[in-house]
Amino acid sequence: MTKEEQITRDEIDIVIARLRAIPENALITIGTPEGSLSKEQLIEEVKNLTPLGKEIIRMQMSYLRSFKKS
Amino acid sequence: MIFILITLPDHDDLTRYASVWSEKILLSTAERVGIKPIIISKGKNVTKSQITENIKSKNPKFLFFNGHGSPTSIGGYNNEELIVLGENDYLLNDKIVHVLACDAGKTLGKECKSKAFIGYVGKFWLCMDRFSLSRPLEDKFATPVMLSALEAPNQLLKGKRPKEAFETSQKTYDKWIDEYTHSESKYTTAELQLVMPVLFINKLLQVLHEEQNNSAN
C-alpha cells in the first residue's frame with residue numbers, strides 16, 4: 001500500500017460515523033463473497049479493516065474528497 | 001436482422017437485481033423499437049459454452065452482460081468466467097458491449113477489440129432495502145442506481161451511438177444526484193447518506209472504450 005493509499009484512524013472514524021447514519025433497513029453489495037451487508041456488518045468490515053472494509057473506506061473518502069475539489 | 005444477447009444470471013442479490021431491472025427496461029425498449037430477436041441467457045443457462053455458441057451462431061451486434069467481473073474477465077451464473085482476456089475475448093470483436101459488473105472496464109474493456117465497451121473500472125456498488133429484496137423493481141434505494149446504470153444499454157437499443165449512450169447514462173447519474181441534493185428533496189438525510197456515495201462512485205468509475213479498440217473505425 002502506498003503512502004497515498006494508507007488509511008488513517010480519522011478516515012476510519014469518519015466512515016463509521018457516515019455508515020451509522022444510513023437507514024437501518026439498508027443493504028450494500030459489490031458482489032463479493034460476503035454478499036449483501038447490513039449497516040452493522042458494513043461497520044464491522046470497516047472496523048476490522050478487511051479487504052471489503054478498505055474498499056468501503058476508499059469509496060466513502062473518494063466521495064467526500066469530491067466536495068473538496070468542487 | 002439485429003440480434004442482441006443479454007445475460008441474466010441470478011445467483012445473488014446483485015445479479016438478481018441487475019437481471020430483473022434489465023428485463024424490465026431493456027426488453028421493453030427492444031420491443032418498442034422493433035428489435036427482434038433477442039437472445040436471452042438466463043439463470044443457470046448463463047454459461048461459457050452457451051454464450052460462446054450463441055455469439056458464434058447468431059453473431060449479435062450488441063452484447064449486454066450482467067454479472068460479476070474482474071479486470072480481465074466477465075462472469076456468468078455462479079461467477080463462471082464467460083469471457084477472459086487472452087482466452088476468448090475475440091468473441092467481443094466488433095461488438096457493442098455493455099458490462100454491468102465490477103472492474104471489467106479496466107483491462108478487458110481497454111484491450112479487447114470491441115467496437116465499443118461501456119463498463120466500470122472499479123467496483124459496481126448497489127444499495128438495497130432489505131424489505132424489498134423480493135421485489136427489486138420496488139426497491140427505492142436500488143432504483144436510482146439501476147436506472148442510471150442501465151440507461152447506457154437502453155440508449156444503445158434506441159439507436160444512439162456508444163458515446164451518446166455513455167453520456168446519457170452519466171447525465172442520468174447526475175439527475176439522480178440532483179434529485180437527492182436539491183433543497184426541496186423528498187429524501188431523508190439517512191437515505192441521502194446511503195444513496196449519494198453509491199451514485200457518485202458508480203458514475204466516476206463508469207467508462208467508455210471505443211475507437212482505440214478498433215483501428216478500422
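Me: Let's say a residue is buried if 20 or more other C-beta atoms lie within 10 Å of its own, exposed if 12 or fewer, and partly exposed in between, with C-beta atoms placed from the backbone. What share of the 70 residues of chain A count as buried?

Reply: First, a heads-up: this is a predicted model, where local features need pLDDT of at least 70, side-chain atom pairs count only at pLDDT 80 or more, and totals for chains, interfaces and linings use all residues. Residues are numbered from 1 along each chain as its sequence is written, while chains are lettered from A and ligands numbered from 1 in the order in which they are written. With that burial cut-off, the share of chain A's 70 residues that count as buried is 30%.

Me: In what order do the elements of chain A run from the N terminus?

Reply: Helices (H or I, at least four residues) and strands (E, at least two) are DSSP runs, numbered from the N terminus. Chain A has three helices and two strands. Reading from the N terminus, the order is α-β-β-α-α.

Me: What about chain B, with its 217 residues: what radius of gyration does it have?

Reply: Chain B has six helices and ten strands, and its C-alpha trace spans about 50 × 35 × 35 Å along the principal axes. Of its 217 residues, 48% are buried. A compact globule with 217 residues would be near 17 Å, and that agrees with the value for chain B, 16 Å.

Me: Which element of chain B gives the most to the side that touches chain A?

Reply: Take two residues as in contact if their C-beta atoms, placed from the backbone, lie within 7 Å; then 23 residues of chain B are in contact with 19 residues of chain A. At least two residues each come from α1 (13-33), β9 (126-129) and α6 (189-205) of chain B. With eight residues, the top contributor is α6(B).

Me: How many charged residues are there on the side of chain B that touches chain A?

Reply: Ala, Val, Leu, Ile, Met, Phe, Trp, Tyr, Cys and Pro count as nonpolar, Asp, Glu, Lys and Arg as charged, and the others, Gly among them, as polar. On that side of chain B, 14 residues are nonpolar and three are polar, and the number of charged ones is six.

Me: Now the helix packing: are α4(B) and α5(B) roughly parallel or roughly antiparallel?

Reply: Axes are lines fitted to C-alpha atoms, for helices over the stretch in contact, with angles from 0 to 180 degrees between N-to-C directions. Angles under 35 degrees count as roughly parallel, over 145 as roughly antiparallel, 65 to 115 as roughly perpendicular and the rest as oblique. The axes of α4 (residues 143-157) and α5 (residues 162-181) of chain B come within 8 Å and cross at roughly 160°. The pair is therefore roughly antiparallel.

Me: Which hand does the crossing of α4(B) and α5(B) have?

Reply: A crossing is left-handed if the near helix is turned anticlockwise from the far one by less than a right angle, and right-handed if clockwise. The residues in this contact include B:L147 and B:A152 of α4(B) and B:F166 and B:W176 of α5(B), and by class it has ten nonpolar, five polar and two charged residues. As α4(B) passes α5(B), the crossing is right-handed.

Me: How far apart are the axes of α1(B) and α4(B)?

Reply: Their crossing is right-handed. Among the residues that make the contact are B:W21 and B:I25 of α1(B) and B:M146 and B:L150 of α4(B). The two helices pack at an angle of about 30°, and the axes are apart by 10 Å.

Technical notes. The radius of gyration is taken over C-alpha atoms; the globule rule is 2.2 Å times the number of residues to the power 0.38.
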